[in-house]
Amino acid sequence: MAEAPEVVKELVKKFERNIKAYKNPEYKEEQLKQEFLNPLFKALGWDVDNTSNAAPQYRDVIFEDSIKVAGGTKAPDYCFTLSGRRMFFVEAKKPSINLKDGIKPAYQLRRYAWSAKLPLSILTDFEEFAVYESRTRPKKTDKTSTGRIMYLTYKDFVEKWDEIHSIFSYEAVRNGSFDNYAEGTKKKKGTQEVDAVFLSEIENWRELFAKNIALRNKELSVEELNYSVQQIIDRIIFLRMGEDRGLEKYGKLLQLLSNDDIYEGFCEMCKDADAKYNSGLFYFNEEKGRNTTPDKLTLNLNIDNGVLRTIIKNLYYPDSPYEFSVLSPEILGNVYEQFLGKVIRLTPSHMAKIEEKPEVKKAGGVFYTPQFIVDYIVENTVGKLCNGLTPNKVAELKILDPACGSGSFLLGAYTYLLRWHLDYYSNLKDKKRLQDKIYKGKDDEWHLTIQEKKEILRNNIYGVDIDQQAVEVTKLSLLLKVLEGESRDVIEAQQKLFKERALPDLENNIKCGNSLIESDFYDDSNLNLTGDETKRVNTFDWDLEFAEIMNNGRFDAVIGNPPYIRIQAMKEWAALEVEHYKQKFVSAKGNYDIYVVFVEKGLDLLNDSGLLGFILPHKFFNAKYGQPLRSLLAEGKFLDTIVHFGDEQVFERATTYTNLLFLNKTGNKSFKFVKVDDLDQWCTSGECIEGKISLDKVTSDEWNFIVGEAAELFDKLDKMPVKLKDITNKIFQGLITGSDGVFLLENGENGKYYSKATENEHELENELLHPLCKGAINIRRYNVSKLTKSILFPYEFIDGKATLIPKDVFAKKYPKIWEYLTTNRNKLESRERGKWKNKRWYAFSRTQNMNEMEQMKILTPSIASEASFTLDMNDFYYFVGSGGGGGGGYGITLNNDKITDYKYIIGLLNSNLLDAYLKSYSSQFRGGYYAYNKQYIEKLPIRIIDFSNAKDVALHDKMVSLVEQMLQLNKDLVNANIPSDVKMIQRQIDATDKQIDNLVYELYGLTDDEIKIIEGS
């Protein structure tokens, strides 16, 4: 428990003694900071005075210039950071201001923190100390108490010091306590974080502009309309952010509303911006040395005043909740990533409609890569490349994102390089020769010159995207980063000094095209593509577009988050491309996902010592379609590091099982494997399990990497000669009907069955209805729960083979079922796009394993949280669930020549040991579930009994006896109705389970230390 230090006690006494003087309006905020607030935060462990001499971007506390803007300031007084990451703001006010009841200070602070996407921030004049939750959109009509989660006065500081320290101290921020507290204050209902609100805002702009421009400019094509709307929105955002950051005169856009023609005035502003900033965002007249075509379209558009008035007037205080001075390019990138998922379409009558792009629709939306993932990938690629180099050598590095989207990875790489250069230059003793590189600002800190920022961007950062709008957004984000932290005076001074406009032209760095398709796509078969198809394909020749880089050895780093789209979905709008990939890339085999092709292309674009860092699904580790890529990476020994997230979810609002894949083109002898079991812990403390794995062990076979204390034991199990597949006749999936709503029926009373297909009960002949197991719903550990469904099986067995009952026999022998099937004929015939419109219309869609149901077998659900094998002696039917909900399962029949008793095998399969082993390599799902599919369970090592050895026989018989006991106990548990009986039986089950585990440890020869590892897992 943290006790208030003496300095805090003295501060409280000092304030108490002279409170009238401090509450005098003449007492300045700067005095308050020096006398009270700085010492207060020093007592919380913050290096307020930067005694460590950290570079500006790594200081614990950043003090902002208090430039007055619209009755407020352009930035909060204090920004507290951890390793360059903003954690919370502190806004200081004079003690003469009433913070408890004053609306304006609270609204101002909340706008800052909300716009910067910070969870908490502090408003204080030392006399009062208010903490605000900052995820809720601030409104000018809010009460001062809205969002306030803590209110103290200086009199509470000593008594409440432990609480303050546990949240806002440097130690609390570093160890994650701040984040945990912030998460606990999160309001689920009504929470509107800035990126979601701003996305909604600009989506509304897009709709307003699209409809008005389409209506007033009938000659525009759909491409021209999309281009125009995007450019206008980007320019508004750029200019408005420039105002709040002191780059433009505050209120310039707002003044346009008094013009007779608002858009004409806006165009004049854009021309002025062209002269000041350069960049493709404002490029209207041809210039020598620039290869790109200037924008001759948007300046001539006709746009209603009403549209612009609606948009612009809501961008200013107090109506606007946004504080653009702290709205970072990273947050803007998040917004735009979502924004680019939709596109404007034109109806035949030239009306504008907004639609989701087909690839986005199939992918279930757009998912922005979290900043901590971007930073980690950049650190482990760009960071490694920069290590030990000089700025001249770093200038030679070429960093590429081949599917850059809104530019988050390129922005991350650029930010890293800016910090690296500033660190390097700041630490040099002789700074006189660095006048074109750094300068000292009003804050007496070193800063990179605009010229140096531009050079770093032009030298190092490259990107490609198939979407022209994404390319423009990437440029916008990077250009805003160039201007971050700059003022109008500094820009104008440096323009005079370097005789260049403020921003670089990025046409040679960020380009539009399909990273995977070059112009050889247009062979004889593709020469007759339509204009729309050609635009969609958008071929890109790397050797031409980046000739100098490709001729000089290719790129040093390839980073990013490539698209995840299965080719089955792509075929609907990109069938030609899918076939082209199969011809051009070794990884494009089977039902592949497009991300595997991006990995192969990324490798191809690297130079001989280049590094690749991607976030992508880890499904290719085990999927059949991943075999060619696994082979490529294994043979080249390219693996450098894998960070495996298991079932931990990296992306918000998306269930995607991912890993970070780092490749080294040079090749390695071993690679580092990092297993992350708790994403939050990994983010805050780096907690994980990691180890080195020899690349000699990596092949094209499924990748199941194991590190940690269990690795040696599991390696020993892996080397056992007999696996489950070696002692089975068959491991088989259940039935596939193709129309579960028709064939799967709820058991009713009096021989009736309820059908989802008809939403009615039906009286049917029982002979063709079989008890049905639904995966994890019914198949339990040593038990099958009460079955509530039956499957309609329209087959009869002839010579042991399931044969579809002929129509005439069916109608005569089972008239009620035939009538029911006939009622559902349209549903059954429409399966697989009408494939079943034939005389076998009432058959199951697949014939697999129909003959396997009626026999003794071991059952297991395909997904479960723990081993759930049981013995079926009742000829249960089961199926492959088509709609989720735990429906799928597997059956196992054993080879009687090698094994004599199913119960012995069930005991092994349900044991702690084999379940821990399976979970080390099986696919993992949210909620602690694992896959028990054939490809995983068939690898389980089986301890074979030597029946000539008396000890072995005794162990075998003991196992059979214990499993028999478990099967009976579980039946008894289902039938128990008295609570005390349930508890007693459960205790017996637990004890018997423990005996089985101990027996398995003995059978497999585990040491005491190995048993501790398994029990600990």
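Trainee: On what basis are residues numbered and values computed here?
Mentor: In this predicted model, local features need pLDDT of at least 70 and side-chain atom pairs count only at pLDDT 80 or more, while totals for chains, interfaces and linings use all residues. Side-chain values use heavy atoms, with hydrogens and water left out, and residues are numbered from 1 along each chain as its sequence is written.

Trainee: How many helices and strands does the protein have?
Mentor: Helices (H or I, at least four residues) and strands (E, at least two) are DSSP runs, numbered from the N terminus. Counted in this way, the protein has 41 helices and 38 strands.

Trainee: What is the radius of gyration of the protein, and what does the globule rule give?
Mentor: The radius is taken over C-alpha atoms, and the globule rule is 2.2 Å times the number of residues to the power 0.38. Along its principal axes the C-alpha trace spans about 95 × 80 × 60 Å. For 1017 residues the rule gives 31 Å, and the protein is as compact as a globular protein of that length because its radius of gyration is close to this, at 34 Å.

Trainee: What percentage of the residues in the protein is buried?
Mentor: Buried means under 20% relative accessible area, exposed over 50%, and partly exposed in between, with a 1.4 Å probe and protein chains only. Of the 1017 residues in the protein, the buried ones make up 55%.

Trainee: Which residues touch the most other members of the largest nonpolar core?
Mentor: A nonpolar core is a set of buried Ala, Val, Leu, Ile, Met, Phe, Trp, Tyr and Cys residues joined through side-chain atoms within 4.5 Å. The largest one holds 113 residues, and its largest share, 11 residues, comes from helix H18 (residues 408-426). A second, separate core of 58 residues includes Tyr-462, Val-537, Met-550 and Phe-598. In the largest core, the members that touch the most others are Phe-209 and Phe-238.

Trainee: Which residues are in contact with Phe-209, leaving aside its neighbours within four places in sequence?
Mentor: Contact means heavy atoms within 4.5 Å. With those sequence neighbours left aside, the partners of Phe-209 are Ala-214, Val-229, Ile-232, Ile-233, Ile-236, Ile-303, Val-307, Leu-308 and Ile-311.

Trainee: Why is the pair of Phe-88 and Phe-168 edge-to-face?
Mentor: Rings of Phe, Tyr and Trp (its six-membered ring) pair if their centres lie within 6.5 Å, and planes under 30 degrees apart count as stacked, over 60 as edge-to-face and the rest as tilted. A search of the whole structure finds 73 such aromatic pairs. The centres of Phe-88 and Phe-168 are 5.2 Å apart, and the pair is edge-to-face because the planes lie at 75°.

Trainee: How many residues apart in sequence are the parts that this pair ties together?
Mentor: Phe-88 is buried, with a relative accessible area of 0%, and Phe-168 also counts as buried at 0%. Since Phe-88 lies in strand E5 (residues 85-92) and Phe-168 in helix H5 (residues 161-168), the pair ties together parts whose separation in sequence is 80 residues.

Trainee: What is the angle between the ring planes of Tyr-657 and Phe-925?
Mentor: Tyr-657 lies in the loop between strand E18 (639-644) and strand E19 (658-664), and Phe-925 lies in strand E37 (residues 924-925), 268 residues apart. Tyr-657 counts as buried at 19% relative accessibility, whereas Phe-925 is partly exposed at 25%. The pair is edge-to-face, with 5.5 Å centre to centre and an angle between the planes of 90°.

Trainee: Over the face of which residue does Arg-206 lie?
Mentor: A charge sits over a ring if NZ of Lys or CZ of Arg is within 6 Å of the ring centre and within 35 degrees of the ring normal. Arg-111 lies over the face of Tyr-107, at 5.8 Å from the ring centre. For Arg-206 the distance from the ring centre is 3.8 Å, and the ring is that of Phe-339.

Trainee: Which peptide bond is cis, with omega near 5°?
Mentor: Most peptide bonds are trans. Pro-318 has its place in the loop between helix H12 (305-313) and helix H13 (329-339). The cis bond with omega near 5° runs from Tyr-317 to Pro-318.

Trainee: Is Phe-126, with its positive phi of about 70°, buried or exposed?
Mentor: Phe-126 is not a glycine, although its phi is positive, and its place is in the loop between strand E6 (120-124) and strand E7 (128-133). Its relative accessible area is 0%, so Phe-126 is buried.
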